Amino acid sequence: MASFFVIAGAAPARAIVGPSTEGSSIAPRVVMVLSLKGRIAGYCSGLVVAQNAVLTAAHCVPPGAAVKVHFRDTSDAPVLLDTVEIRRNPGYRADAIRTRERSIDLALIRLPAPLPNRFRPALFGGDPSAAIGTRYRLAGFGLTREGDATSSGQLRLATVTTRAPLSTLLLWAEDPDHRGLGACTGDSGGPVFAADSDVVAALMVWSAGRGSAQCGDLTQAIWLTPQKGWIDAVLAEWTTR
C-alpha cells in the first residue's frame, strides 16, 4: 500500500476502498501513525500491541522521519503522541518491491506513556496455512475512494478471502465478490482480523488495483504468528526500560 509515498502501479497499502463498513467495534485496537520527512507527509494505520507500543508497517516509519501516533479522545478531540523509539524488523528491505527480495515489512513504535485504558492490546492468532477462500476482515483508516484525500481518516472494516499464492510469510487476499474492495492509501499497518473474532492474523503492507488503479483488487499482509517471537522479544526489552 502506498501510504505516503507515491508509487506507480502496485504500492504499499492504502485505505479500504469498495463496500466497507464502519469499524468502531475494533477501535480500541487501532490507531493512526503519522509521518513527516522533509516536505513528505503521510499516514498509516497501526495496531496496539501493548499499552505503550504500536505495530505498523516498516515503510510507514522511514529513517529520519518525525513519527507520531494519533487518535481521538472520548470527547472526539485529536490527540498526538510523540514516539520514543522505532524498531524495524531486521528482515525488512526498503527496496524489496524493486529488487523482488523477501521483506518483513513490520516496525514497532514505543510511546513515552501508556495509551488510555480504553485501548486494548491485540490478540495474535491465525494459521499461515489457511486454505484459499478463508475469510478475514481488514481494518484501517485509509481512503475509501482512491485518489480522494477527503475520504480518509475513518476506521473501516472489509471482508476479504485468501487467494493464491499461499505463503507462510504473506497473506494474499481479494474481494470475494470482485466489487473493488480492498486496502488503499493509509491502510498500511492496519490489522487483518479473523472473520468472527478480534484475533489478529496479519498486518497489511501492500495493495494493487486493476489497470492503473492501486487499490481494490489485491491486498497483501504479513502473517503475524511467525513474527511473534520478534514482537515479544522487543516488547519484553522495552518493559525493562
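**Figure 1. Surroundings of arginine 137 in the predicted model.** In this predicted model, arginine 137 touches Leu157, Ala158, Thr159, Pro191, Val192, Phe193, Ala194, Ala195, Ser197 and Asp198, with residues up to four places away in sequence not counted. Arginine 137 is found in strand 11. The relative accessible area of arginine 137 is 15%, so the residue is buried, the limit for that term being under 20%. The side chain of arginine 137 reaches the backbone oxygen of serine 197 at 2.5 Å. For alanine 195, the backbone oxygen lies 3.5 Å from a polar atom of the arginine 137 side chain.

**Figure 2. The largest nonpolar core and leucine 55.** The largest nonpolar core has 57 residues. Those with the most contacts inside this core are Leu47, Leu55, Leu106, Leu108, Ile109, Leu224 and Leu235. Strand 4, which spans residues 40-50, supplies the largest share of the core, six residues. In soluble globular proteins, nonpolar side chains tend to be buried together. A second, separate core holds 15 residues and includes Leu138, Ala183, Met204 and Ala221.

**Figure 3. The aromatic pair of phenylalanine 71 and phenylalanine 119.** The count of aromatic pairs comes to three, and this view presents one of them. The ring centres of phenylalanine 71 and phenylalanine 119 are 5.0 Å apart and their planes stand at 70 degrees, so the pair is edge-to-face. Phenylalanine 71 belongs to strand 6 (residues 66-72), whereas phenylalanine 119 belongs to the loop between strand 9 (107-110) and strand 10 (123-124); the pair therefore ties together parts that are 48 residues apart in sequence. Phenylalanine 71 is buried, with a relative accessible area of 8%. Phenylalanine 119 is buried as well, with a relative accessible area of 2%.

**Figure 4. The aromatic pair of tyrosine 136 and tryptophan 223.** Here the ring centres of tyrosine 136 and tryptophan 223 lie 5.9 Å apart with the planes at 75 degrees, so this pair is edge-to-face. Tyrosine 136 is located in strand 11 (residues 135-140) and tryptophan 223 in strand 16 (residues 218-223), so the pair ties together parts that are 87 residues apart in sequence. Tyrosine 136 has a relative accessibility of 6% and counts as buried. Tryptophan 223 is buried, its relative accessible area being 2%.

**Figure 5. Isoleucine 104 and its contacts.** Isoleucine 104 is placed in the loop between helix 1 (96-99) and strand 9. With 9% relative accessibility, isoleucine 104 counts as buried. Apart from neighbours within four places in sequence, isoleucine 104 is in contact with Asn89, Gly91, Tyr92, Leu169, Ile222 and Gln227. A further reference point in this view is valine 205, which is 101 residues from isoleucine 104 along the chain; the C-alpha atoms of the two residues are separated by 9.5 Å.

**Figure 6. The disulfide between cysteine 44 and cysteine 60.** The model has two disulfides. In the disulfide formed by cysteine 44 and cysteine 60, the sulfur atoms are 2.1 Å apart. The torsion about this S-S bond is about -85 degrees, so the disulfide is left-handed. The bond links distant parts of the chain, with cysteine 44 in strand 4 and cysteine 60 in the loop between strand 5 (53-56) and strand 6, 16 residues apart. Both cysteine 44 and cysteine 60 are buried.

**Figure 7. The disulfide between cysteine 184 and cysteine 215.** Cysteine 184 is joined to cysteine 215 by a disulfide with an S to S distance of 2.0 Å. The torsion about the S-S bond is about 60 degrees, so this disulfide is right-handed. Cysteine 184 lies in the loop between strand 13 (170-174) and strand 14 (191-194), and cysteine 215 in the loop between strand 15 (199-208) and strand 16, so the pair ties together parts that are 31 residues apart in sequence. Cysteine 184 and cysteine 215 are both buried. With bonded cysteines counted along the chain, the disulfides follow the pattern 1-2, 3-4.

Terms used:
Residues are numbered from 1 along each chain as its sequence is written. This is a predicted model: local features need pLDDT of at least 70, side-chain atom pairs count only at pLDDT 80 or more; totals for chains, interfaces and linings use all residues. Side-chain values use heavy atoms; hydrogens and water are left out. A nonpolar core is a set of buried Ala, Val, Leu, Ile, Met, Phe, Trp, Tyr and Cys residues joined through side-chain atoms within 4.5 Å. Buried means under 20% relative accessible area, exposed over 50%, partly exposed in between (1.4 Å probe, protein chains only). Helices (H or I, at least four residues) and strands (E, at least two) are DSSP runs, numbered from the N terminus. Rings of Phe, Tyr and Trp (its six-membered ring) pair if their centres lie within 6.5 Å; planes under 30 degrees apart count as stacked, over 60 as edge-to-face and the rest as tilted. Contact means heavy atoms within 4.5 Å. A polar contact is a pair of N or O atoms within 3.5 Å; within protein, one must be able to donate a hydrogen and the other to accept it, and residues adjacent in sequence count only if both atoms are side-chain atoms. A disulfide is a pair of cysteine sulfur atoms within 2.5 Å.
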